[in-house]
Amino acid sequence: MKCSKKRGIKVMDSSDSEYHSLFESRRDRGRHIRRLFSFSVFVAICFIWAYRLAHIPEHGKWAWLGLFAAELWSSLYWLLGQALRWNLIFRKPFNTRLSQRYENSLPGVDIFVFTADPVIEPPMMVINTILSVMAYDYPVEKLSVYLSDDAASDITFYALLEASNFAKHWVPFSKRFKVEPRSPHAYFNISSSSNPQDHDHAKDLAAIKKLYEDMRKRIEDAVKLGVPSEARSKHNGFSQWDSYSSRHDHETILQILHTRDSHNSKDVDGFVLPTLVYMSREKRPQYHHYYKAGAMNSLLRVSSTISNSKIILVLDCDMHSNHSQSVRDALCFFMDEEKGHEIGFVQFPQTFENISKNDLYGNSLSIIMEVELHGADGYGGPLFIGTCGFLRRDALCGKKFSGDHYKNDWNDENELVKANLQELEVESKALASCTYEGNTLWGKEIGAIYGSLVEDVITGISIQFQGWKSVYYNPRRKGFLGIAPTTLLHTLVQQTRWAEGEMQILFSRYSPTWYGHGKIKLGLIMGYCHYNYWATICFPMIYYSVIPSLCLLKGISLFPKMSSPWAIPFAFVALAESTSSLIEGLNIGGTIQGWWNGLRMWLYTGTSSYLFACMNIVLKFFGLSDPSFNITTKIIEDDVSQRYEKEVMEFGTSSPFFTMLSTIALLNLFCLLTTLKELILIEGEQMIFQVLLCGILVFINFPIYQGLFLRSDKGRLPSYCAIKSIALALSACIFFSTLT
Ligand SMILES: O=c1ccn([C@@H]2O[C@H](COP(=O)(O)OP(=O)(O)O[C@H]3O[C@H](CO)[C@@H](O)[C@H](O)[C@H]3O)[C@@H](O)[C@H]2O)c(=O)[nH]1
Ligand SMILES: [Mn+2]
């Protein structure tokens, strides 16, 4: 076998060998330009440091030094981010080769879906996700789908029962007509705009739509009125709720709905359906349940007795499959003869179906998904991001990668066929009990790792520390589509949880900063640090958006004159970073307005979420608070939805987040107005940078002034919040101006 390097593409030479890799990797073509650009920004940053050190003034010395500290920290942080842009890699699987070679020996795949609250994660959404994965283009007898329900909701269970019946029609239908996507809701939405030409297809579509609508109606009635009594009496699964006292206090509920050998598990064409299991692990108030990580570990054990597949797809309940080939795509990486054996997990991007036109809240996470994860892949390790990821069971269960001795072995499946379904259920239930993990390594070295609100990231690190590599596959047709937060508050709360979780990793035994050396590449350590130190960026950001503006009031100058050569590095860094982020954004399909919105959200999360994340970490250190996982709402009220569509920022309630944001916004407005009034008095040129900075802050904060003073709809900022932030901003200005 010969390898040739062509235009940076490593391809196997096919002329003299029969071997074709199951996937191909391509390096970023623009990497030289990127690197040159980063280097030039770095040089400019060095000049800024030099300027700060060489020009410390008498008047305003502390403000100056503070600004220097802020710049120092943000530049180091910027440097960490460069690691994620240095070495991008793009992957491409060849799934026809996979079926040519392995169609008859494909491994089993277990799919874990997580839900935790039937109100903010509606059962209809959950079962659409379930149905979309049951209909994967993959041998049905090798697929097993598990739903973990941390709310132990009988409504969700009822919906799953309904879905298991509907699947008997849906799975054959979607395969017969090769429909995409295979979430019924998403498919019907698309097909209503483009009616199928084929007569059979149109007829069957009408019939299945009717079945779906009937099911939807039954489930929505059950949501309003409770599970109908006939259903309860018909299915003995509901008897498991007899001893249920609350979602925090109940025994394990487990029901195997479809198995390979039951008659009830055939579809209308007589083919078996994927195994389908409902699990709600035991909960007791005196035991910590570790949120999703805890649920994942229970499912890992439960599934090991039922299907024990070697590959596991982890999915949030709001992420339906958008492409029926994703399982095969992922397997191309794991089953590649040359490199497959070292891959611990394959991560697909998270993409969302409800992003507004110009991504008002920056929730598309497009820079992370389209740039940074490719960068981490370049160093052998994209992060595990909790959903849309295929994991090797061995790797997740804490097994070390044993170097090249490790051989992929897909055939030796541990086929645990139990004669008796009930026996199997009883055995599995015990594995999901509260006490099972006591004095074991579960959550420490085995399974999903506890101790961070981003259980996914820390789990990915633990897998990489065991020597496994990971791969990022970002297909053109997205593999999964999910739901992102649709209000400012939900976004800020989510960002706080993420930033806090990232920081918890810093103090854990899986901190790449302290323990990454020798285990993962330096570039990847830097990449992880970029996220782990995320929250700390609040300090320079708050400093930068408050102090220079306040200094305007006292005529303290903190930047070079426009005509001085020292102005060049400042202007260069500001322009270079903003244009490069604009180009980066446009390149991946964003809009100019979207870039501006992203900039605003960067400021808002930086000055509120990240600060609160740091505060929570400190409070926790003193034992004053316990970090908790606030589940993101997946539903939206009508009026809120209308504003979201129009991209009008949603406030609506008072919250410490909003007080913080509007105080900073008003402070800048006051400073700017005062300065403009007295502009003739100050030496204009000396202050231009500072006035400009303050001006940009005012400009970007326009939605807040609107929310405070110009709007009358329900999404405006409440007057209480307005009064509080006016008082705070004014006192800061007065206090600062009277300071000697
Ligand atoms: O006690 C819990 C809490 C949450 N979940 C599930 O966890 C998933 C993610 O929760 P969500 O509220 O949607 O959080 P997000 O911030 O949107 O999730 C992102 O961030 C999480 C933490 O990093 C990751 O686990 C997710 O995969 C990732 O999509 C959902 O399916 C929940 O049902 C549980 O199963 N048990
Ligand atoms: Mn989510």
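Me: Which elements each supply at least two residues of the shell around ligand 1, and what makes a stretch a helix or a strand?

Reply: Strand E5 (109-115), helix H9 (291-306) and helix H15 (488-506) each supply at least two residues, where helices (H or I, at least four residues) and strands (E, at least two) are DSSP runs numbered from the N terminus. H9 gives the most to this shell, with three residues. The model is a predicted one, in which local features need pLDDT of at least 70, side-chain atom pairs count only at pLDDT 80 or more, and totals for chains, interfaces and linings use all residues. Residues are numbered from 1 along each chain as its sequence is written, while chains are lettered from A and ligands numbered from 1 in the order in which they are written.

Me: Which residues come nearest to ligand 1, and how is the shell made up by class?

Reply: Around ligand 1 there are 21 residues (C-beta atom, placed from the backbone, within 6 Å), and Ala116, Tyr291, Asp316, Gly386 and Thr632 come nearest. By class, the shell holds eight nonpolar, eight polar and five charged residues; Ala, Val, Leu, Ile, Met, Phe, Trp, Tyr, Cys and Pro count as nonpolar, Asp, Glu, Lys and Arg as charged, and the others, Gly among them, as polar.

Me: Why is H9 described as roughly antiparallel to H13?

Reply: The two helices, H13 being residues 421-431, pack at an angle of about 155 degrees with their axes 8 Å apart. Angles over 145 degrees count as roughly antiparallel (under 35 is roughly parallel, 65 to 115 roughly perpendicular, the rest oblique), and therefore H9 is roughly antiparallel to H13.

Me: Which residues of H9 and H13 meet?

Reply: Ser298, Arg301, Val302, Thr305 and Ile306 in H9 meet Leu424, Glu427, Ser428 and Leu431 in H13, contact being C-beta atoms, placed from the backbone, within 7 Å. This contact has four nonpolar, three polar and two charged residues.

Me: How far apart are the C-alpha centres of domain 1 and domain 2, and how many residues does the contact take from each?

Reply: The centres lie 39 Å apart, and the contact takes 25 residues from domain 1 and 27 residues from domain 2. On the side of domain 1 that touches domain 2, helix H20 (592-621) is one of the elements giving two or more residues, and H20 gives the most, with five.

Technical notes
Axes are lines fitted to C-alpha atoms, for helices over the stretch in contact, and angles run from 0 to 180 degrees between N-to-C directions. Two residues are in contact if their C-beta atoms, placed from the backbone, lie within 7 Å. Domain bounds come from an automatic or database domain assignment.
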